[in-house]
Amino acid sequence: MLRRANGAIGVALLTLVAVTALAGIIGTPYDPLVLSFEDRLEAPSAEHWLGTDQFGRDTFSRLVTAARTSLAVSFATVLLALSAGTLIGAVSGYLGGWTDRIAMTVIDALMAFPGLLLALAIMAVVGPHRYGVVVALGLAYTPNVVRIVRGIVLSVREKEYVEASRALGNSELYTALTHAVPACISALTVIGTSIFGSALLSESALSFLGLGVPPPAPTWGGLLADATMYMDAAPWLSIFPGLAISLTLLGINLFGDALRDYLDPRMNRL
Amino acid sequence: MRFIAVLLVCLAPLAGAAAEAPPTGPLLEVAINTDIRGTDPGVNRDANTDAVMHHVVEALVGYAEDLSIVPVVAESFRLGDDRKTWVFRLREGLRFHNGAPVTSREVKWSFERYLDPRTHWKCTSWFTGSADDEDGKPSIITAIETPDPLTVVFRLAEPSTLFLDRLANVQCVSAILHPDSVDEHGNWLAPIGTGPYRLGTWKRGQYIELERFEGYRPREGKVDGLAGRKLALAERVRFIVSPDAAATRAALLGHQIDLFHNLPMNAIAGFEDAPGVRVLPSPTLSWSVLLIQTRDPLLSDPRIRRAIAYAVDREQVAAFNTFGYASVNSSAIPAGIAAHTPVHDEWYEPDVQKARELLREAGYTDEPIRIQANRKYPNMYANAVVIQAMLHAAGMNAHIEVMDWASHLSNYFDGDFQLSTFSFSPLASPAMRYYKLIGSKDERPVYQWEDPRAMALIERAIESFDREEQWRSFGALHRLMIEDVPIIGLYNAHSAAGLDETVRGYRPWPLNLPRLWGVWKTSWSDGT
Amino acid sequence: MLNYAVRRLLMTIPTFLIVAAMVFTLIRLVPGDPAAVMVGDLDDPTVLAEVREQLGLDEPLPLQFGMWLQGVLQGELGTSLMTGEDVLDAMLRRFGVTGQIVAISIFLAMLVAVPVGLLAAWKQNGRADLATMTLVILGVSVPSFWVGILLILVFGVELGWLPTIGYVSIGDDFGQGIRYLILPVAALLLTEMASLARMMRSSTIEVLRLEYITHARAKGLPERTVLWRHALPNAFAPVLTVLGLMLGSLLGGAVVIETVFTLPGLGRFLVDGIYARDYPVVQGTLLLVAGIYVITNLVVDLLYPIFDPRVRL
């Protein structure tokens, strides 16, 4: 019962964040990029709900704008990792043999790097760009997807109906796409949700280290990075972006758990 | 105005120098933002290495508080009548950290080691003349003589006005060392110097600790640059490596460290008013600028460059990013030095309307303009943020491109940018600053200004020995810079030392090296 | 078993080679010149050229790679371009810092997470389970670097109880060393505890459903014995795998924590190396981190049969 309530809370939180981000497109109380010398480092007030930063920019407006960037980057990362991972995993798993062996060795090597470190190194290569972040994070998460998809494809491949399809003269790739991929969808939904959470966290960490989405476009991690200098004089600058990241992650985790329970009834339903 | 006010604040402690001996205590904890590079002074160095090693080693001569050159290990020096012979008399009774007396023999050994190319001293060519003379004519040493234990004679190939400056140079310190500083093969071991502190424990990446050298005999008088009275009041000085400015600032506020001599400007907000800490600003010679690529198709039009000059409100940029601790300055000659004559204060008055008119005249149609910046140096980043907003307000489609320092620097060297917020390291010589700006980009892309008229003017300035005439050339250069706008100078930033309120006797100075002699804490007097 | 171990060991060789090639290429693709970073804006073309030659950056790339790989095989990772330190020495020393933090926080996290996960699974869907699971989900949702910032604000700045910069090794001064470790460990602990507890719970639930547990219960063994003697060892195997994976992600996470607390650990060594284009440092560190991951996985794979009676090789 409560488990379902948790899922509902997750969906509610995610909806809240998404709606806020979308509302930001229509408008924010202040322009998130306009500086105001007189309003620097002001505490939260009726005028500036969440205070202002060292350039006198409105924190609330920046948080809302950042939501859009952070969510968009995470979403694009999920799409990239899922599509690249599915393609590689399916092809490699279906063809097997040397293709598979080489692909898996490379994937193993990629997996040997912690996602954040790999993304960090790739970011240094591609330079500061929001698409750069997507590529870096997407590449970092692709190996996980490849592994899962390949595993499923391997198990599906042995099944008789696939043999039948092949006997009918369908090409190997066609067979792979029509039979293995549907089997992957529930697994992909689960892993996609988890990648979304990880990407959000890693993007924040990258921005925090100064290698994420380049300023002045605000991101939550970037806002936190700027805020550390003033953690004593303007604690609100550190608190609210962190809260935003945490609440979004909470939403994703709650939603993800509920989703897994639903898609994988073997678990937790006794 | 601000400059003078700051100078007064800095000089105030001088006047109140107490006659009574300040108390001694166990430990001073000081932050540095990178680990030192090594312990071989002048060979493997950077600013933080210099900052630490100047407590351990001393040269024959050094810079005083007013940047004049005074004796340090030497007692006195004089120039012979041939203007090629320099005679140094050493201080009597001076000892190395190993207890051995300082004699002319060790001085000669120290210089012979530095002049040996195998030592890889950074400035050997100054005294041997082996490299091209970009830094001016070399002061070639032909012989070092030791007529008696306390006299050293340097014979030069020809008269050189730069000789003393080079001996006093802080980056290429010519430390007087005991020969036991190296092993029998000449490999570096550890510095056995003459400074008030000796090297203690060095935990790479963590901290480096100095111990008081009990055999040090301080001069009489007051703290004076790298010379003067060096009283080691703290038994130990620990330099803690703390690369993150925000963390260092927090550590000062939490009373974990006593001092950080180089607070970035953006760390000052809210810090001045915080309880338990103090900020001591002091002017420096570094120059924050907005670089303009004059070969960029868009920016090659001087009207666009002038529009940018009108759009950028330097006072506002400085106010935002240095909290008033800067002297607005668009001239290559640092504000506050004598060569900065009134003409060097002239520049564009901020005027968004004029900027828009110029843009219209030049046929600007919303082409994107990218400003490169990095986050390693917070004020370069902050300048870019503020300038982007100003250009945007004047109708320019400006974007910030933040990259890491290595890429930013490499683009600077290659001339690969449109606009770029940058900051030049301190250079005391005005001629040198212009010299490094002016030249053909075909020859070296790092040159910022390739107007032939400017090239002619700087050649004339360098060749003239008459000060007035040289200054007139500098003035003409600045007028030309206003017309041409090859670069937009913003300000000379101050450096700010952050101190715990219990710390006494610390004074910043223009060379911006921390000096921890004569520094004590009020908490010591009751304890010990 | 031995056969499996050898086969598993051989499989790591191509992985290592690819890792080495990737590591080498990656950092060289990054624009920027280490010599320029060393010299700074006080550029002097002769000095720059001299530094470049000294650093061996003039040689063709394949030659540089060959020389580096040869060194790696002999256990020599070169010297740092910036400090002249031996990279292997520097790396091991810095790994000690990171390792301490990671090991202590994993150990503490396990102390809490294993019993909590076990009990939550045992009382599945009960009040206690839901309460702990809600806390756990909250725990995994809070970024550790944010926790770190808040800890600095409260314990470093406001209360002034604990140091927030610098580092003293517990080998040098145990008391001081511990004080420096408390905040970074605390920052990592929350997330680790939560994700371990979560893993422990779900793997225990799976085990509790197995026949032999029913069997044990049917034999009338006390519930306590069933849980600790029978369920725990088996539920622990998948957790071990996660632990292996977590070690890698912790090394990644340590980068951020080490930045927040200015610790001279491996993560910051890497980030500083990237910023300075200190090729030997970046190559060495990435290789070490990847190597740790590969070896941890190897060990976990080899240990698996010991914990899980279902896996027989």
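# Reading a predicted model, step by step

Author: Let's start with B:Glu235, which sits in strand E12 (residues 234-241) of chain B; strands (E, at least two residues) and helices (H or I, at least four) are DSSP runs, numbered from the N terminus. This is a predicted model, where local features need pLDDT of at least 70, side-chain atom pairs count only at pLDDT 80 or more, and totals for chains, interfaces and linings use all residues. Residues are numbered from 1 along each chain as its sequence is written, while chains are lettered from A and ligands numbered from 1 in the order in which they are written.

Reader: How do I read two packed helices?

Author: Two packed helices are described by the angle between their axes and the distance between the axes. Axes are lines fitted to C-alpha atoms, for helices over the stretch in contact, and angles run from 0 to 180 degrees between N-to-C directions. Take H13 (residues 452-463) and H14 (residues 467-484) of chain B: their axes come within 9 Å and cross at roughly 165 degrees. H13(B) and H14(B) are therefore roughly antiparallel, the word for angles over 145 degrees.

Reader: Which residues of chain C touch chain A, by number?

Author: Contact means C-beta atoms, placed from the backbone, within 7 Å. By that rule, 40 residues of chain C are in contact with 36 of chain A. H10(C) gives the most to that side of chain C, with eight residues.

Methods:
Contact = placed C-beta atoms within 7 Å. Parallel < 35°, antiparallel > 145°, perpendicular 65-115°, else oblique.
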